[in-house]
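Visitor: Please show me how to read a few features of a protein model, one at a time.
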Amino acid sequence: MTEQINQDGVLHVTDSRTGRSYDLPIRDGAIRALDLRQIKVSGEDFGLLSYDPAFLNTASCKSSITFIDGERGILRYRGYPIEELARRASFLDVAYLLLHGELPGKEESQAWASEIAHHTYVHENVKKFIDGFHHDAHPMGILVSTVAALSTFYPEAKNVSDAARQREQVIRLIAKMPTLAAFAYRHAMGLPYAYPDAELSYAGNFLNMMWKMTEPRYQPDPVLEHALDVLLTLHADHEQNCSTSAMRVVGSSQVDPYSAAAAAAAALYGPLHGGANEQVLRMLSQIGSVENVPAYIERVKRGELRMMGFGHRVYKNFDPRATIIKEVADEVFQVTGRNPMLDVALELERVALADDYFISHKLYPNVDFYSGIIYQAMGFPVTMFPVLFAIGRMPGWLAQWQEGSADPEQKISRPRQIYVGQGLRHLDGPSS
Ligand code: ACO
């Protein structure tokens, strides 16, 4: 996790059960869990396991994609600080960086953007099964299903060890996510699907497919287009979070990347992960106005509720993405007008950050606390918030999947358990 400090050494351990001692090598600040297996009470003993529910202290892979220092609020993609990338690189260039390890040059950047733009169309049959969803189907449910369904259109995607085939699916997944997302929204609204416009930027085209009505050509507002691009960049990767781990674990079975990405999107849907931005807006509406903030905070402290958009498994100081999002919010509100929920959010943050409960539990606003307020001001319904997150996270999932597929140390993921159930018993045992 940490960098540039010598993290190598030896761990001396003594097993109190046998009195035997062992030397376990420490590399990069970690011991190998498998080295524990030699620690046995007897020859028949399976060997010592490490017990780590929810992987609080287990590194599941080596990765060179994203670096996070949660104590210092640092996030870097391939070594570049998120602040520099968000302000100076486009989302598609960041996607290229995550996947290739380096930012593209000018020509590479244009070729990459053009390749993505030319894969934004989905097979016409996709529209047919989106039509089959109920009018109030959650767009995230539609997205998860349609991403999975793409595997049936590209059966060659099963060749996961073929680099050329892999690259094709990577391009398609990044290109088609905004189309699937916008189609899910248009279906819910009873609007005709708006087709992609290859002349627009990635974010601009998404806005086009969302909002185009009768105008012959949709022109996105440049401030909103840029804000969306920055938001996508902020969500592009976040090392081994729940959805990325799902991508790697499911991908480790060598299933096609559409199926693995659908599993990742499903993981993201949960309210403790990417679904939190939707829950933040529901929470703010429930609080309603600034006067109700103290009473709400008291309920959180009594353990009746969680403050959505607060807290993070890794960041224990501040979430650098939340800081950048506040700047983006100011730009967006200049165009859209101020979201009235912002006052409630600012007051919640102010009261919480001065409160002992939040300070002692190291709870700070995370990326989801302000992103939803911006999305709402831009006109997105709350159900689309996790969908927007999924569009941004797709390059990260794919980069992590590629890295996992190429890692000679990776095998099919298969954790151990500690069995605590019944001992042997028989169907024809003594009746009670
Ligand atoms: N509100 C109130 N208390 C909280 C919150 C919160 N949002 N988050 C954590 N706590 C408290 C817990 O009650 C617990 O208190 P205790 O030790 O007194 O029992 C302590 O802080 C530790 O909480 P855990 O749940 O063990 O922390 P964990 O690291 O497992 O959870 C998580 C991290 C899931 C993000 C959590 O903070 C949470 O539920 N936040 C709200 C949901 C959210 O915003 N999720 C988005 C995360 S960012 C992302 O996915 C993009």
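**Reading burial, aromatic pairs and a ligand site**

Guide: F380 is buried because its relative accessible area is 2%; buried means under 20% relative accessible area, exposed over 50%, and partly exposed in between, with a 1.4 Å probe and protein chains only. This is a predicted model, in which local features need pLDDT of at least 70 and side-chain atom pairs count only at pLDDT 80 or more, while totals for chains, interfaces and linings use all residues. Residues are numbered from 1 along each chain as its sequence is written, and side-chain values use heavy atoms, with hydrogens and water left out.

Visitor: With which residue does F380 form an aromatic pair?

Guide: Rings of Phe, Tyr and Trp (for Trp, the six-membered ring) pair if their centres lie within 6.5 Å; planes under 30 degrees apart count as stacked, over 60 as edge-to-face and the rest as tilted. The count here comes to 16 aromatic pairs. In one of them, Y96 and W112 are edge-to-face, at 5.4 Å centre to centre with 80 degrees between the planes. Both Y96 and W112 are buried. F380 pairs with F206: the two are stacked, 6.0 Å centre to centre and 10 degrees between the planes. That pair links distant parts of the chain, 174 residues apart, with F206 in helix 7 (residues 202–211) and F380 in the loop between helix 16 and helix 17. Helices are DSSP runs of H or I, at least four residues, numbered from the N terminus. Y185, F206, W211, Y375, F380 and F385 form one aromatic cluster.

Visitor: Where is M384, and which residues is M384 in contact with?

Guide: M384 sits in the loop between helix 16 (367–377) and helix 17 (385–406). Contact means heavy atoms within 4.5 Å. Leaving aside neighbours within four places in sequence, M384 is in contact with P139, A181, Y185, F206 and M210. M384 counts as buried because its relative accessibility is 0%.

Visitor: Which residues come nearest to the ligand?

Guide: A residue is near a molecule if one of its heavy atoms lies within 4 Å of it. There are 19 residues around the ligand, and R306, M307, G309, R313 and H361 come nearest. A polar contact is a pair of N or O atoms within 3.5 Å. A polar side-chain atom of H361 is 2.8 Å from an oxygen atom of the ligand, and a polar backbone atom of F310 is 2.9 Å from a ligand nitrogen atom.

Notes:
Helices (H or I, at least four residues) and strands (E, at least two) are DSSP runs, numbered from the N terminus. A polar contact is a pair of N or O atoms within 3.5 Å; within protein, one must be able to donate a hydrogen and the other to accept it, and residues adjacent in sequence count only if both atoms are side-chain atoms.
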